[in-house]
Amino acid sequence: YFTKNTPTPAPKMLRLFVGLTFAADYRRRLLPFMTGVLGVHWQPEENLHMTLRFLGDVSMNDAEDLDAELARINVPAFDLTPQGAGWFGVGDRVQNLHLKARPDPMLDGLKAQVDRACHRAGFRPESRKFAPHITLARSRQVRLETVQPWIEEHAAVTLRMGDVEAFHLISSHPKGPGRACRVDASYPLHQMWA
């Protein structure tokens, strides 16, 4: 995707993030958790993924540089298990409801290498505390007290999402009232027992 010889003009900026995607049967395992909170916008099933690093609006040239750095990452495949529910927001205003990743040295190692690749490609370190997560819902107006029962209900959830065999550079595009995600580049992880 990240070539300058595309037949149609490339957009000037791409809204990018690095993440993990799931096969349809694993995405369907997330759907039962996406209910019980009024006033939030639940994500479309096809958009469900685990975010490792959000980059925001990126120029095509910077995307190509990042693509080259991400392709250098060499980590083993691993098993992904989300564990527990959480939220991001400002003050008591909730902007994001998600499932958290269970602490895992393999996932942490991949996240660290992604961060280093972003740094080598010229991106600044993240200014806020960030942890890999699967966004289930977004909101602009909902307050923490509204979502607290949902967070408590799912605090102990553990969900096996299968083997992670690749990570991806993903772009987000406006679609109706929300956004659609598209995998623009994939980077395989190596098999330890191959």
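These are my notebook entries on a predicted model of one protein chain.

**Ground rules**

I number residues from 1 along the chain as its sequence is written, and for side-chain values I use heavy atoms, leaving out hydrogens and water. As the model is predicted, local features need pLDDT of at least 70 and side-chain atom pairs count only at pLDDT 80 or more, while totals for chains, interfaces and linings use all residues.

**Entry 1: overall build**

I looked up the secondary structure first. I read helices (H or I, at least four residues) and strands (E, at least two) as DSSP runs, numbered from the N terminus. The chain has four helices and 10 strands. From the N terminus on, their order is β-α-β-β-α-β-β-β-α-β-α-β-β-β.

Next came size. I took the radius of gyration over C-alpha atoms, and the globule rule as 2.2 Å times the number of residues to the power 0.38. The chain has a radius of gyration of 17 Å, close to the 16 Å that the rule gives for 194 residues, so the chain is as compact as a globular protein of that length. The C-alpha trace spans about 50 × 40 × 30 Å along its principal axes.

I then checked burial (buried is under 20% relative accessible area, exposed over 50%, partly exposed in between, with a 1.4 Å probe and protein chains only). Of the 194 residues, 45% count as buried. For contacts (heavy atoms within 4.5 Å), I noted that residues 24 or more positions apart account for 78% of those with a separation of 6 or more.

**Entry 2: the core**

In soluble globular proteins, nonpolar side chains tend to be buried together. I defined a nonpolar core as a set of buried Ala, Val, Leu, Ile, Met, Phe, Trp, Tyr and Cys residues joined through side-chain atoms within 4.5 Å. Which members of the largest core touch the most other members? They are L20, L70, L110, L136 and F167, out of 54 residues. Helix α3 gives the largest share of this core, five residues.

I followed L136 further. Leaving aside neighbours within four places in sequence, L136 is in contact with a list of residues including L30, F33, W42, L97 and W150.

I searched for aromatic pairs (rings of Phe, Tyr and Trp, the last by its six-membered ring, with centres within 6.5 Å; planes under 30 degrees apart are stacked, over 60 edge-to-face, the rest tilted). The structure holds two. W42 and W150 form a tilted pair, 6.3 Å centre to centre with 50 degrees between the planes. W42 sits in strand β2 (residues 41–42) and W150 in helix α4 (residues 144–153), 108 residues apart, so I noted that the pair links distant parts of the chain. W150 counts as buried, at 2% relative accessibility.

V37 lies in the loop between α1 (24–30) and β2. Is V37 buried or exposed? V37 is buried, with a relative accessible area of 6%. Not counting residues up to four places away in sequence, V37 touches W42, L97, V147 and W150.

**Entry 3: salt bridges**

I counted a salt bridge wherever a side-chain nitrogen of Lys or Arg is within 4 Å of a carboxyl oxygen of Asp or Glu. How many salt bridges does the structure hold? There are 11.

- R120 and E69 meet at 2.6 Å, N to O. R120 is in helix α3 (residues 105–120) and E69 in helix α2 (residues 60–70), 51 residues apart. R120 is partly exposed at 39%, whereas E69 is buried at 15%.
- E126 and K111 have their closest N and O atoms 3.2 Å apart. E126 lies in the loop between α3 and β7 (133–138) and K111 in helix α3, so the pair ties together parts 15 residues apart in sequence. E126 is partly exposed at 26%, and K111 is buried at 9%.
- D184 and R182 come to 2.7 Å between the closest N and O atoms. D184 is buried at 9%, and R182 is partly exposed at 34%.

Salt bridges that share partners join R53, K111, D115 and E126 into one network.

**Entry 4: cysteines**

A disulfide is a covalent bond between the sulfur atoms of two cysteines. I used a cut-off of 2.5 Å between the sulfur atoms, and the structure holds zero disulfides. C118 is in none, its nearest cysteine sulfur, that of C181, being 17 Å away. C118 counts as buried at 0% relative accessibility, whereas C181 is partly exposed at 28%.
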